[in-house]
Amino acid sequence: MKKLFGAIFIVLLFQKMSAQELFPVAEPASNVPKGALGVRAFDEGYKETDLYRNLMALKVMYGVTSKLSVYATATVSDYHEKTLPFDFISHNHSGGQLISGANTPAPGVPYPYIFNSVDIYAKYRFLT
């Protein structure tokens, strides 16, 4: 029976899956246990005309004590060019339609993957 579940798990592991997470960058209220190291990789994307845009991130979490957890996240994306125009106007979405301003980049233009940021923060639990 264990071999059957193991085989099913391996088959499911390599299947393409799609899911929606409302806050993929947000953390739960609980802390990382003391001495535990966690690694999370995630990809957030959307379809723009005939092009897919992606934001990929790698998060490392560590429990320093039972009340203190530290986190570091690095992200890359192909959402925009390296620099935004000085007079950039963001896309406005209304009723599922895209309304572009005068200087908004044209939808469907491919951009290279660029490094976005590294976020480092700590979380301390005051009340139990």
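Trainee: Is Lys82 buried or exposed?
Mentor: Good place to start! This is a predicted model, in which local features need pLDDT of at least 70, side-chain atom pairs count only at pLDDT 80 or more, and totals for chains, interfaces and linings use all residues. Residues are numbered from 1 along each chain as its sequence is written, and side-chain values use heavy atoms, with hydrogens and water left out. Buried means under 20% relative accessible area, exposed over 50%, and partly exposed in between (1.4 Å probe, protein chains only). Because its relative accessibility is 70%, Lys82 counts as exposed.

Trainee: Where is Lys82 found?
Mentor: Strands (E, at least two residues) and helices (H or I, at least four) are DSSP runs, numbered from the N terminus. Between β3 (68-77) and β4 (92-94) runs a loop, and that loop holds Lys82.

Trainee: How far apart in space are Lys82 and Asn116?
Mentor: In sequence, 34 residues separate the two. From C-alpha to C-alpha, the distance between Lys82 and Asn116 is 9.1 Å.

Trainee: What is phi of Thr49 near?
Mentor: Thr49 sits in the loop between β1 (37-48) and β2 (51-63). Its phi is positive, in a residue other than glycine, and lies near 55 degrees.

Trainee: Which pattern does the protein follow along the sequence?
Mentor: The protein has 1 helix and 6 strands. Read along the sequence, they give α-β-β-β-β-β-β.
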